[in-house]
Amino acid sequence: MINVSWAESISQILGWAYSILWSLSFYPQVLHNHRRRSTDGFSIDFALLNVLGLSAYTVFNGCFLFSTVVRGQYAQRHPQSPKPTVQWNDFVYALHGALICCWIGSHFLYTRFWNFKSEPQRVSTATLVVFCGCLGVVPPAVLWILVSASWEWIDVVYVVGMIKVFLTAVKYTPQAVMNYRQQSTAGFSIRAILLDLSGAILSLIQLVLDASSQGDWSGAVGNIAKFLLGNITVLFDLIFIFQHFVLYRERSAENKPGVSENDPLLDRRRNEA
């Protein structure tokens, strides 16, 4: 077992490190959209599902941090490690991410306000079904508490957490499909993915360290949302990296000249004019 004081210190460092990386990962796409004055190449389905997923993750983390009822029920189920492995950095990351994703969503909804010139995108029927379905599972879960003695409020929180996990597994698919159809990753920020991948790896390391320091590996399962979230994120990030640097490397560079992530935010030629 790792020394508890050292483990807690390292865990906090890892936690804030991955939270910062994940938080920073939202900004490259925001800046990329503003540089190009366009959302072309970036999936509206991906953006919409991200808003719902991070909102659900905010609720999940908030309940484990602030709800005495949920924390008490967790302690009853995990007597060897009664303290949830949810950290403050998890909540801060989720809340910040939800707000930034709302900002990105406004790029699609208010193109005139942002002075964007983008090809109009419509939310797919599949995404609407997934979105409404995720919202629809929460009321039955709450009602089930009233009729079932085996369910508690912590189970509802786990349902909300699994919404985030499910959406993480689903949300990347529209973007991966868009890249495949266009045979290019132009318009989709690879810097965001590199930051996302780094954060996911540190998140998993922190979770393993927390469970190890408690001497109870059920802590990882107790925070199943974080465990699955990290693994699914790593998988899809590797897919995007493969698409960008291997499959569509040349085409991504040729497709949209003058709109690289390295371009300045303001066009010098326009300023000179």
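Helices in this report are DSSP runs of H or I with at least four residues, numbered from the N terminus. The structure is a predicted model.

**Helix packing**

Two packed helices are described by the angle between their axes and the distance between the axes. Two such pairs involve α9, which spans residues 153–182. The axes of α3 and α9 come within 8 Å of each other and cross at roughly 155°. Because angles over 145 degrees count as roughly antiparallel, α3 is roughly antiparallel to α9. The crossing of α3 past α9 is left-handed. Sorted by class, the residues in this contact are 19 nonpolar, four polar and three charged.

For α4 and α9, the axes also come within 8 Å, with a crossing angle of roughly 100°. An angle from 65 to 115 degrees counts as roughly perpendicular, and α4 and α9 therefore have that relation. On the α4 side, the contact is made by Val69, Val70, Gln73, Tyr74 and Arg77. The residues from α9 are Trp153, Ile154, Asp155, Val157 and Tyr158. The classes here are seven nonpolar, one polar and two charged residues.

**Nonpolar cores**

The largest nonpolar core has 44 residues. Within this core, Phe42, Tyr57, Phe60, Phe64 and Tyr93 touch the most other members. At least two core residues come from each of α1 (4–24), α3, α4 (68–77), α5 (88–109), α9, α10 and α12 (224–247). The greatest contribution is that of α3, with nine residues.

Leaving aside residues up to four places away in sequence, Phe64 touches Val70, Arg71, Tyr74, Pro84, Val86, Ile154, Val157 and Tyr158. Among these partners, Val70 and Tyr74 also belong to the α4 side of the α4 and α9 contact, while Ile154, Val157 and Tyr158 belong to its α9 side. A second core is separate and has eight residues, including Leu49, Val130, Val160 and Leu167.

Helix α10 covers residues 190–214 and contains Arg191. With a relative accessible area of 39%, Arg191 is partly exposed. Arg191 and Pro28 are separated by 163 residues in sequence, but their C-alpha atoms are 6.3 Å apart in space.

Ser203 is also placed in α10. Its relative accessibility is 1%, and a residue is buried under 20%, so Ser203 counts as buried.

Definitions and conventions:
Residues numbered from 1 in each chain as written. Predicted model: local features only at pLDDT ≥ 70, side-chain atom pairs only at ≥ 80, totals over all residues. Heavy atoms only, no water. Buried < 20%, exposed > 50% of the residue type's maximum accessible area, 1.4 Å probe, protein only. Axes fitted to C-alpha atoms, helices over the stretch in contact; angles between N-to-C directions. Parallel < 35°, antiparallel > 145°, perpendicular 65-115°, else oblique. Left-handed = near helix turned anticlockwise from the far one by under 90°. Nonpolar A, V, L, I, M, F, W, Y, C, P; charged D, E, K, R; others polar. Core = buried A, V, L, I, M, F, W, Y, C linked by side-chain atoms within 4.5 Å. Contact = heavy atoms within 4.5 Å.
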